[in-house]
Amino acid sequence: MDLIEKFTEHLRTVITRTMVFATERGIERITPIHFIWALMTQKGCIAATILESALDRKLLLREIDRQSLKIQAPANKFTPLLSENSQRSIECAIRIAAKREHHYVGTEHLLDSILSVRDRELERFWKQARVNA
């Protein structure tokens, strides 16, 4: 079985929406905060329920805009790449699901992994947003 086939429909949608979001904004590198946005806005998933209760969406978008000023792509580049921490987050989500003996990888696994991967920018944002991650 292909590893991607183990991703839930919600998780596949989150990854796709993150790529589209970054592309539309001219963002060269997808960082964990971009996944947080996609998780938060994915209706019907566990991670969205958790994030909606803990975060202000407007504050999140302001932080994304602030971070994006530093990492925007040249006008002719249109395919965003995953940052090292984003790659590690996806890998960690797969390990978390396997450790829990889940036969799928879902948005809750990605959120859990993002919270466990050290990302200075995201840690700074959590502190600013007064989220105890």
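**Contacts, core and aromatic pairs of the predicted chain**

Leaving out residues up to four places away in sequence, S86 touches I30, T31, P32 and F35; contact means heavy atoms within 4.5 Å. S86 lies in helix 5. Its relative accessible area is 0%, so S86 is buried. Buried stands for under 20% relative accessible area, exposed for over 50%, and partly exposed for values in between (1.4 Å probe, protein chains only).

The model is predicted: local features need pLDDT of at least 70, side-chain atom pairs count only at pLDDT 80 or more, and totals for chains, interfaces and linings use all residues. Residues are numbered from 1 along each chain as its sequence is written, and side-chain values use heavy atoms, with hydrogens and water left out.

The chain comprises seven helices and two strands. Helices (H or I, at least four residues) and strands (E, at least two) are DSSP runs, numbered from the N terminus. The order of elements from the N terminus is α-β-α-α-α-β-α-α-α. The C-alpha atoms fill a box of roughly 40 × 35 × 25 Å along the principal axes. The radius of gyration is 14 Å, which agrees with the value near 14 Å for a compact globule of 133 residues. This radius is taken over C-alpha atoms, and the globule rule is 2.2 Å times the number of residues to the power 0.38.

Of the 133 residues, 44% count as buried. The accessible surface of the chain is about 7900 Å², and 53% of it belongs to carbon and sulfur atoms. These areas come from the Shrake-Rupley method with a 1.4 Å probe; for residues, only the protein chains shown count as cover. Among contacts between residues at least 6 apart in sequence, 71% join residues at least 24 apart.

The largest nonpolar core has 34 residues, of which I36, L55, L110 and F125 touch the most other members. Such a core is a set of buried Ala, Val, Leu, Ile, Met, Phe, Trp, Tyr and Cys residues joined through side-chain atoms within 4.5 Å. At least two residues of this core come from each of helix 1, helix 2, helix 3 (46-54), helix 4 (57-71), helix 5 (84-99), helix 6 (107-116) and helix 7 (120-128). Helix 2 supplies the largest share, seven residues. In soluble globular proteins, nonpolar side chains tend to be buried together.

Two aromatic pairs are present. Rings of Phe, Tyr and Trp (its six-membered ring) pair if their centres lie within 6.5 Å; planes under 30 degrees apart count as stacked, over 60 as edge-to-face and the rest as tilted. F21 and W37 are stacked, at 4.0 Å centre to centre and 20° between the planes. This pair links distant parts of the chain: F21 is in helix 1 (residues 9-24) and W37 in helix 2 (residues 32-40), 16 residues apart. Both F21 and W37 are buried. F125 and W126 form a tilted pair, with 5.8 Å centre to centre and 45° between the planes.

L122, F125 and W126 are buried in helix 7. They cover an arc of only 100° around the axis, which puts them on the same side of helix 7. The arc is that of the directions from the helix axis to the C-beta atoms. R120 and K127 are exposed on the other side of helix 7. Apart from neighbours within four places in sequence, F125 is in contact with I33, L55, L59, L60 and E63. R130 follows helix 7 and has a positive phi, near 60°.
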